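Okay, thanks everyone. Let me put the structure up, and then I'll walk you through a few parts of it.

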2 protein chains.
Amino acid sequence: MLNNPKNQGMVLWFTGLSGAGKTTIANKIAKILSEEGSKYELIDGDVLREQLNWDLGFDEDGRKKNVNIAGYTANLLSKHGVIVLVTLISPFKEQRDRIKMSINNFVEIYVNTPLEVCIQRDHKGLYKKALANEIPNFTGISHPYEAPLKPDVEIDTSIISIDDCVKKIINFLNEKIARLD
Amino acid sequence: MLNNPKNQGMVLWFTGLSGAGKTTIANKIAKILSEEGSKYELIDGDVLREQLNWDLGFDEDGRKKNVNIAGYTANLLSKHGVIVLVTLISPFKEQRDRIKMSINNFVEIYVNTPLEVCIQRDHKGLYKKALANEIPNFTGISHPYEAPLKPDVEIDTSIISIDDCVKKIINFLNEKIARLD
C-alpha cells in the first residue's frame, strides 16, 4: 500500500530492454494505485507513439523525441499531484539524466532483466525478427542500451517475482514520501 | 471569479493569428485562477517548442506536431482536474476539431482580431519580416489560417478591452460548469 497522505506527484520512470517487464510491473502498480484511489497516469512508449500518430522512427532521433515528449508531459502531470508511470526503453543515459534533473520526485526504476532472458521470452516476436536483421535499430541487438549507473530501484524479473518487484518499488516510494514529509 | 466547486478539469484552447492577443488574455485568466487557488497550467506554442528542444519547423507538418503534443498533454492534465490554457495559432480546422472531439470539457476560444490590427501591433516585429519575405510560412501572410466556424467563444481585441474579453470567457466557463454539475 502506498502511503501518500499529501498526494505527492511523482514520476516513476521504468527503463530497460524490450521484454524486461516494465509494462507488466507498471500495470500492477497502477492497479494498486487505482484501488487505493490515487491519481495516476500511465505513459507507455509504444502507446505514446500511436497517440501522437506520426512517423516517429526508432533511430536515435525518433527515440529521443518520444522520450522528451513523455518527460515533458510526465513533469506537468506530477506537478499537479499525479503519480505518472512511464514505461519506455529510453536507452540514452544522458537524456534520462537530463529529464531526471528537470522533474521533482523522479524515481528511476531500472528493470534489469538480462538480454538472454528477454530474448527467450520474446512475447512480441520482435527479438526473433531483430536477430534475423528484419528490424533495424532494435535495442540490445542493433541499437545501444546505456544502463543507469545509479538507478533508484533496480530489479531483475528473472530472479524475483513480479509481486516482489512491485513490493520493492512500493517500499522505496513509501520511504521516499516519508522523507519528503 | 470562476465558480468551479468540483474542480472540473478543462482545456481552454486559444486559437488565432500571431499578435491577436491569445497569450495576453490567457495570462490574465491564469492570474485569476492562481489567485483563486485553482489548479491550472499554461501551454504556449512557442514555449512548448523551446521546451521540446528540437528543430520543429513552421511548415504544416511542424505546426501539426506541436499542436498534437499540446493536445495530448492538455488532455491528460484536464483529466486530472487541471484547467489548461493552450495558446497556439493552431491554424488547421480539421486538427483542432479532432482534438476537440478527444477532450472532455474543451473550450475553443477564437481570438479573432483582424489581420490588419495584428500587423499594426506587430509586437515582435514578425509581420514586418514576414511581409518582406524574410520569414516563410507565416500565418496570415504566407501560410493559411482556417478560422473556426463555431467557436465556443469569439473575441476581437480590437473592439473590446482585454478585461472584457476575460469577463466574457469566465462567464462562458461558469455557465458551462453549471451545466456540467
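Predicted model: local features only at pLDDT ≥ 70, side-chain atom pairs only at ≥ 80, totals over all residues.

Residues are numbered from 1 along each chain as its sequence is written, while chains are lettered from A and ligands numbered from 1 in the order in which they are written.

Strands β1 (10–15) and β3 (83–87) of chain B pair in the parallel sense over five bridges; strands pair if DSSP finds at least two bridges between them. Helices (H or I, at least four residues) and strands (E, at least two) are DSSP runs, numbered from the N terminus.

Zooming out, chain B has an open sheet of five strands, in the order β2-β3-β1-β4-β5, with parallel pairing. Its edge strands are β2 (40–44) and β5 (153–155), each pairing on one side only.

Now the helices. α3 (60–79) of chain A and α3 (60–79) of chain B pack at about 30°, axes 10 Å apart. Axes are lines fitted to C-alpha atoms, for helices over the stretch in contact, and angles run from 0 to 180 degrees between N-to-C directions. That makes α3(A) roughly parallel to α3(B), the word for angles under 35 degrees.

Who's touching whom? I69(A), Y72(A), T73(A), L76(A) and L77(A) meet I69(B), Y72(B), T73(B), L76(B) and L77(B), where contact is C-beta atoms, placed from the backbone, within 7 Å.

Conventions: Parallel < 35°, antiparallel > 145°, perpendicular 65-115°, else oblique. Contact = placed C-beta atoms within 7 Å.
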